[in-house]
Structures are given as C-alpha cells and as structure tokens.
Amino acid sequence: MANVTTGKTHPRHFRLFLDEVNLSGFSRTVGSFGSSYAEAELTGWSSGVKWYNLGQPTHQLSGYQAVFDNTAALGSFTELKTREEYLVTLMIGVKAAPIVGSSCFCASLEQKNFIMDASGPILLNVDLIGPGQTELTLVEKVWGKVLEMGATSRTATLTGASVDNGAESTGGAEGFLHITVSDGGTWSLKIQDSPNDSDWTDLLTFAADGSAIAAERKAVAGTVDQYTRVLFSRTSGAITVACAIVRK
Amino acid sequence: MMANDTKYKMLVGANNDKKGTRFEAGAIVTHKDFSKSTLEHWVNTGRAEIVEEGEKNGKRNNGENAS
C-alpha cells in the first residue's frame with residue numbers, strides 16, 4: 001500500500017524530535033499532546049446555556065515514556081536529564097512512517113517532570129509544558145505539516161516535495177528545524193512557498209547552516225502561499241534534518 | 001495588468017521549476033522569467049517590487065500603449 005498522509009493510525013508510526021535529537025528509537029508511549037484553553041464563564045440570568053469565553057492555551061506533551069539510553073549527545077537520558085526548554089516536533093505517520101505532508105505537533109515546551117522508572121526496564125517518564133520565558137512570542141497554533149522527515153542523510157541539494165494547503169493563509173508561519181546529524185558541511189536551509197506549485201519564493205531561511213547539529217524555530221509574518229516545501233542547498237557535507245511548518 | 005517589459009526586483013530568492021532557474025534576492029526579472037500573475041502576486045505579498053514600468057503590451061492587449 002502506498003504511503004499516505006490521511007486516515008487512522010497507530011502511535012508506532014509517530015516520530016519525535018526534541019531539539020537536535022531524534023528520540024523515535026527510544027520512545028515507547030506518549031500520553032497526550034496539544035493545547036488546553038483557560039475558560040471564563042460569562043453566563044447571565046437570561047442565557048439559555050452556560051456561556052464561556054476562552055483565554056490563553058497551554059501547550060503540553062505529557063505522559064511521554066522513553067527507554068533509558070545514556071549514549072553521548074544522542075541518547076534519551078543524555079538529552080532529557082537536563083531540565084530545559086525543548087523545540088518539539090512530533091510527526092504523525094499514517095499506517096507507516098511520516099512522509100512529506102503528514103500532520104505534526106510543533107511547540108516550544110519546558111520540561112516539567114523527569115522521573116526514572118526502574119521497576120522493570122529502565123524508563124524515563126517525562127512531561128513537557130510551555131512555553132518557558134525564553135519563548136515569549138510562541139503563538140497559539142501547534143498543528144503543522146511535515147516538510148522533511150529527518151530519516152534520510154542528505155548528500156545533495158534537496159528540493160522537497162510540495163505540501164498543498166488548499167489555499168494561501170495570511171497570518172504568517174513558523175518553521176521548525178532539527179538537524180540531528182551533521183558532518184560539518186555547509187548548507188543553506190530554507191522553506192519556500194508557491195501560489196501555483198511551480199513558481200517558488202524563499203519564505204524563510206534558517207540561521208542554522210548545517211555545520212553542526214542544531215534546532216531552530218523561525219517565524220515569518222504575512223502571506224504564506226498555498227504550497228510549501230523545503231529547499232536545502234548544499235555547498236558541502238551531509239546532514240539529516242527534520243523540518244515542519246505551522247501556519248498561524 | 002502590467003506591461004510585458006515591466007521589470008521587477010526580487011526581494012527574496014525565487015525558483016522557476018518549469019525552467020529550472022533560480023534567482024537570488026536583488027535579481028531583476030520580467031514576465032519572461034515568471035508569469036505576470038505570479039509577479040503581481042509577489043508584488044502584492046512583498047516578495048518583489050516594480051523597478052521600471054514597461055510600455056509594451058502583448059498581442060492580446062488592446063494596444064492602448066503600443067508604440
């Protein structure tokens with residue numbers, strides 16, 4: 001069966017990137033992730049039903065469980081033991097590994113809990129909530145589309161497959177980038193958009209140049225055209241990158 | 001609709017997949033590089049600006065500006 005982006009699925013097809021680490025190989029379960037809004041009840045005497053207005057949302061990823069691995073730099077314990085704020089991209093593959101156009105959850109989240117469970121296999125239990133003070137501009141939207149899966153080492157310029165949003169949007173966007181492997185080469189990492197899937201302009205250019213593992217969130221204002229894709233231009237080297245876009 | 005020989009300056013980099021061409025920010029392009037509708041969309045969305053308005057219209061125009 002051809003790989004698809006729509007339909008029912010199972011968590012085994014999820015992929016999780018925290019900062020510059022691909023935790024998919026260590027992940028066992030994730031409880032819940034998304035946004036929960038504060039509410040203010042505004043019901044009056046003559047209201048037929050309870051009436052609410054919503055306040056700010058809380059973004060969170062909770063009930064996450066990973067197998068312990070203390071490999072330097074890329075192990076689950078190595079990455080998660082330091083309490084900090086993480087750039088998070090959780091890709092939702094449908095019946096198979098994620099592909100370009102798959103849905104994803106993207107947010108900047110502060111680590112709230114980190115508890116090791118040694119009652120059986122050594123596990124890490126983690127809850128993330130956010131954002132922290134370093135990401136004051138984080139926006140409400142957290143649901144985006146995968147542009148590059150972070151599963152393949154790229155050794156040549158990559159013009160990604162396009163993602164059709166159905167129409168342009170006007171509220172800007174945020175790009176999420178996770179460079180999980182780098183051999184020290186030089187790249188220019190961009191997200192492009194197009195009104196017709198043929199003529200493309202650079203929507204945003206990440207500051208990261210592929211010379212080291214890194215994670216970055218880059219915001220852009222204004223119109224985002226109907227189609228989006230990545231353009232990773234290679235000068236030298238090889239990189240493995242996960243990238244997603246969230247339209248505001 | 002702008003004239004055929006109107007010149008636009010790209011404010012961001014751009015690719016034309018059909019022609020396999022790439023223009024960096026600052027490049028001067030015309031409707032020979034991209035369609036008029038695309039260029040006008042880019043002007044409207046801040047990706048390009050008109051640097052020289054042309055005078056020549058295409059055959060399908062009414063000749064109002066024809067020399």
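The model is predicted: local features need pLDDT of at least 70, side-chain atom pairs count only at pLDDT 80 or more, and totals for chains, interfaces and linings use all residues. Residues are numbered from 1 along each chain as its sequence is written, while chains are lettered from A and ligands numbered from 1 in the order in which they are written.

Me: Why is strand 1 of chain B said to pair with strand 5 of chain B?
Reply: Strands are DSSP runs (E, at least two residues; helices are H or I, at least four), numbered from the N terminus. Two strands pair if DSSP finds at least two bridges between them. Strand 1 (residues 7–10) and strand 5 of chain B share four bridges in the antiparallel sense, so they pair. Lys7(B) stands opposite Glu52(B) in strand 5.

Me: What makes strand 4 and strand 5 of chain B edge strands?
Reply: The open antiparallel sheet has the order 4-1-5. Strand 4 (28–29) and strand 5 (48–52) of chain B each pair on one side only.

Me: How do you know that helix 1 of chain B packs on the sheet?
Reply: Helix 1 (residues 36–44) touches strand 1 and strand 5 of chain B; contact needs C-beta atoms, placed from the backbone, within 7 Å.

Me: Which strand does strand 9 of chain A join over four bridges?
Reply: Strand 17 (residues 239–247) of chain A, in the antiparallel sense. Met149(A) stands opposite Ala242(A) there.

Methods
Contact = placed C-beta atoms within 7 Å. Axes fitted to C-alpha atoms, helices over the stretch in contact; angles between N-to-C directions.
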